[in-house]
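Please consider the model shown below together with its sequence. The paragraphs that follow lead from the packing of helices to individual residues and then to the chain as a whole.

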Amino acid sequence: DCLEADDIYEFRDKRIAGAFRSATASEPGKVQQMVREYHLRFVQVRQEDMAKRSLDATQLSFNEVMALAFHTSMVAERIPGETIRWALLAADCCERQRLYGRALERLTPAVRLVLGRNDLLVPVEDRMRILQRHVELLLDVDGDMSAAEATLDQLTREIAALPAPEGSRFDARRCLLAALVAYRARRFAEVAGIVKVLDSNEAAEDWMRLRGRFLATMSLDPRGEAERRLAELESLLVTVEAAAGTAADGGERAKAHALRLLMSELLNALGGVRLHVGKDPAAARDAFESALRLNRDPEIADRKGEAIAFGGLGDVWSALARDATDEATEAAHLEQAREAFEKNLAISRETGDQAGIMRMTSMLGGIKADEAAAATGGSDRGRLVAEARRFYEESTMLSIEHRRSFSFRFGFAGLVRVERIAGTSGGILDSILEEAGSAGLLDDDTRLFIRETLEGDGGSSELQATLARLARMLEPVADATGS
């Protein structure tokens, strides 16, 4: 009912504009009409300005793209096409800066318009892209795998409804995502079957098949097939490196880029296997340093891969410290390990990689606990115990929040060790274990691991009583038959 010339929508008073901008989008039905009109008018005015200046989205600054993504998200039901457009652009901008957590946040309004819905006329390409990106970003930030599974389920149904040539093209990428989700969820037995489906898809590109082979290799049983895993990773590295070179020489830039990304992941994985299976710290260090150089290449610029390489180098220096023959060498190697783990942690916090944060806080807690156990001065010992406890508590609470039983085991074991070193009662352990139980983390393997951690002497009498009580809490529960 207002003329375009009417200045009511300019909201010249910054306090009014600020109040409108801060209105939540979590319950769109409760957003007042005036607030919605403000956001809609902002988008209209900004797009008119872009048209007058002949600007396209690629010429906008990062902050301008973020602003348009936010304002369109507040009126998503009114302008779904524009909401999707700017959500995808904003996610792209964040991802280029390796801000994966923020990219997921910016993509969410577009996800809400397609996930579990078919009432909007969204082009097939956009629907596929949104759903695929949602899974990819959940994997990047080590997010909720149940959410990733739900998105994959819808992606599977929608691809099945497409004509064969088009459906096969989308299904190849879906298979890769499904294999990675199964791997992250530690359902290793499923990965090989998914990769076989990928191999049989004629629309799958060579780099996709190689990535599938990598995931299948990493899913081999580390206890019974460790040597095979090492040999296959070494062979696969040679194959991928040659394929990347051939693609680059042939001017296939997209394929060469995908293969180099795979090579960076392969080097990080190979470094860990060379260290823990091959018992070769020098070869492992070479792999991690190669991965670090590759991930720092401007064409790759993978901050998460860089963090993983630093974590691997920290593992190498820790192993060398354990094998050191004198205290000076051991101390020097431990300091190098600490620096590498801290670099990983800083990048993991920057990119929102929760798995990286869980692992690095646990590793740094271990280093501080070692230093506390060796300290002779009371003040130094107290400071180191406090630092170790802080790292382990963060790792443990994040594990509970994100329901990661494997990470929880090591964080909790670290806290038990800190209580023994400090000579305290361990009262905090009760509440943490109860929270883990409420979160469903105390599966049989986790219970067994923690019971073994609780065994042994050391610590105050109050701590021994606490540990005995926790051990009873973790005893196997008899079933109805009494077995």
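The axes of helix 16 (residues 354-374) and helix 18 (residues 405-422) come within 10 Å of each other and cross at roughly 20 degrees. Helices (H or I, at least four residues) and strands (E, at least two) are DSSP runs, numbered from the N terminus. Axes are lines fitted to C-alpha atoms, for helices over the stretch in contact, and angles run from 0 to 180 degrees between N-to-C directions. Helix 16 is therefore roughly parallel to helix 18; angles under 35 degrees count as roughly parallel, over 145 as roughly antiparallel, 65 to 115 as roughly perpendicular and the rest as oblique. The crossing of helix 16 and helix 18 is left-handed, a term used if the near helix is turned anticlockwise from the far one by less than a right angle, with right-handed used if clockwise.

This is a predicted model, in which local features need pLDDT of at least 70 and side-chain atom pairs count only at pLDDT 80 or more, while totals for chains, interfaces and linings use all residues. Residues are numbered from 1 along each chain as its sequence is written, and side-chain values use heavy atoms, with hydrogens and water left out.

Which residues make the contact of helix 16 with helix 18? Helix 16 contributes M358, S362, G366, A369, D370, A372 and A373, and helix 18 contributes S407, F410, G411, R417, V418 and I421; contact means heavy atoms within 4.5 Å. By type, the residues of this contact between helix 16 and helix 18 divide into 7 nonpolar, 4 polar and 2 charged. Here Ala, Val, Leu, Ile, Met, Phe, Trp, Tyr, Cys and Pro count as nonpolar, Asp, Glu, Lys and Arg as charged, and the others, Gly among them, as polar.

Another pair of helices can be described in the same terms. Helix 17 (residues 378-401) packs on helix 19 (residues 427-438) at an angle of about 25 degrees, with their axes 9 Å apart. Helix 17 and helix 19 are therefore roughly parallel to each other, and their crossing is left-handed. On the side of helix 17, E393, T396, M397 and I400 take part, and they meet I428, I432, E435 and A436 of helix 19. The residues of the contact of helix 17 with helix 19 comprise 5 nonpolar, 1 polar and 2 charged.

Salt bridges are the next topic. The structure holds 40 of them, a salt bridge being a side-chain nitrogen of Lys or Arg within 4 Å of a carboxyl oxygen of Asp or Glu. One of these joins the side chains of E125 and R169, at 3.0 Å from N to O. E125 lies in helix 6 (residues 124-140) and R169 in helix 8 (residues 164-184), so the pair ties together parts that are 44 residues apart in sequence. E125 is partly exposed at 43% relative accessibility, and R169 is partly exposed at 42%; buried means under 20% relative accessible area, exposed over 50%, and partly exposed in between (1.4 Å probe, protein chains only).

A salt bridge also forms between E234 and R274, whose closest N and O atoms are 2.9 Å apart. This pair links distant parts of the chain, with E234 in helix 11 (residues 226-249) and R274 in helix 12 (residues 253-276), 40 residues apart. E234 is partly exposed at 28%, whereas R274 counts as buried at 15%.

What separates E335 and R338 in helix 15? They lie 3 residues apart in helix 15 (residues 327-351), which means a separation of about one helical turn. E335 is partly exposed at 31%, and R338 is buried at 16%.

A87 is placed in helix 4 (residues 80-96) and is buried, with a relative accessible area of 2%. Not counting residues up to four places away in sequence, A87 touches R106, L107 and A110. The C-alpha atoms of A87 and T108 are separated by 7.6 Å, although the two are 21 residues apart along the chain.

Finally, the chain as a whole may be considered. Its secondary structure comes to 21 helices and 0 strands, and its C-alpha trace spans about 80 × 60 × 55 Å along the principal axes. Of its 483 residues, 47% count as buried. Among contacts in the chain with a separation of 6 or more, 63% come from residues 24 or more positions apart.
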